[in-house]
Amino acid sequence: MVAVADDEWVGTKVLFENDRVRVWDFQLQPGESTKMHTHKRDWMFVYVTEDNQLRITYPAMGEKDSHQPDGHVSFLQISELPVERLTHMATNIGTKPHRQILIEFK
C-alpha cells in the first residue's frame, strides 16, 4: 500500500500513484462517514461506480445533500472552488454502499 500523509487522505485506499496522479478507491457503507479532510490538488476526476446519496458537511457552510447516479463523471478544477468547499466530510445517507474512483492530478 502507498504511504499517504494523514492530512492528504481523501479516499479509502490508494490503488495507484506516480509523480503525476494518485488514484483512490473511495467507499462508504450506509451510515458511514469520512473524516474531515481538505482537497489540496488542483484537479480531480471522479467516476461514480455505485448510485449514491451523500451528505457533505462543510465547517464553514453547513450540510448539503447530493445524489450521483451510477456512471456519473466529474472533472473538477479544485483550485477554482471557493476555499470553504475544499474542507469537508462525506456521509453515506443512502441504503446501499457508495463507491467511486477518484483521481487526483499532481
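Reply: The accessible surface of the protein chain comes to about 6100 Å², and 52% of that belongs to carbon and sulfur atoms; such areas come from the Shrake-Rupley method with a 1.4 Å probe, and for residues only the protein chains shown count as cover. Bear in mind that this is a predicted model, where local features need pLDDT of at least 70 and side-chain atom pairs count only at pLDDT 80 or more, while totals for chains, interfaces and linings use all residues. Residues are numbered from 1 along each chain as its sequence is written, and side-chain values use heavy atoms, with hydrogens and water left out.

Of the 106 residues in the protein chain, 35% count as buried (under 20% relative accessible area, with a 1.4 Å probe and protein chains only). The chain has nine strands and zero helices. Both are DSSP runs numbered from the N terminus: helices are H or I with at least four residues, strands are E with at least two.

Now to your pocket. On a 1 Å grid over the protein atoms alone, a pocket is an open set of points where a 1.4 Å probe fits, with protein on both sides within 12 Å along at least five of seven lines; lining residues have an atom within 4 Å of a point.

Of the 22 lining residues, the closest to the centre are Met44, Ile56, Gln68, Leu76 and His88. The elements giving two or more residues to this lining are strands E4 (43–50), E5, E6, E7 (73–77), E8 and E9 (98–105). By class, the lining has 13 nonpolar, seven polar and two charged residues. Here Ala, Val, Leu, Ile, Met, Phe, Trp, Tyr, Cys and Pro count as nonpolar, Asp, Glu, Lys and Arg as charged, and the others, Gly among them, as polar.

An open, antiparallel sheet of four strands has the order E3-E8-E5-E6, with E3 (37–38) and E6 (62–68) at its edges, each pairing on one side only. Within this sheet, E5 (residues 52–58) and E8 (residues 87–92) are joined by four bridges, and Ile56 has Ala90 in E8 as its bridge partner. E4 pairs antiparallel with E7 over five bridges, where Trp43 stands opposite Gln77. E4 also pairs antiparallel with E9, over seven bridges, and there Phe45 stands opposite Ile103.

Conventions: Pairing = 2+ DSSP bridges. Buried < 20%, exposed > 50% of the residue type's maximum accessible area, 1.4 Å probe, protein only.
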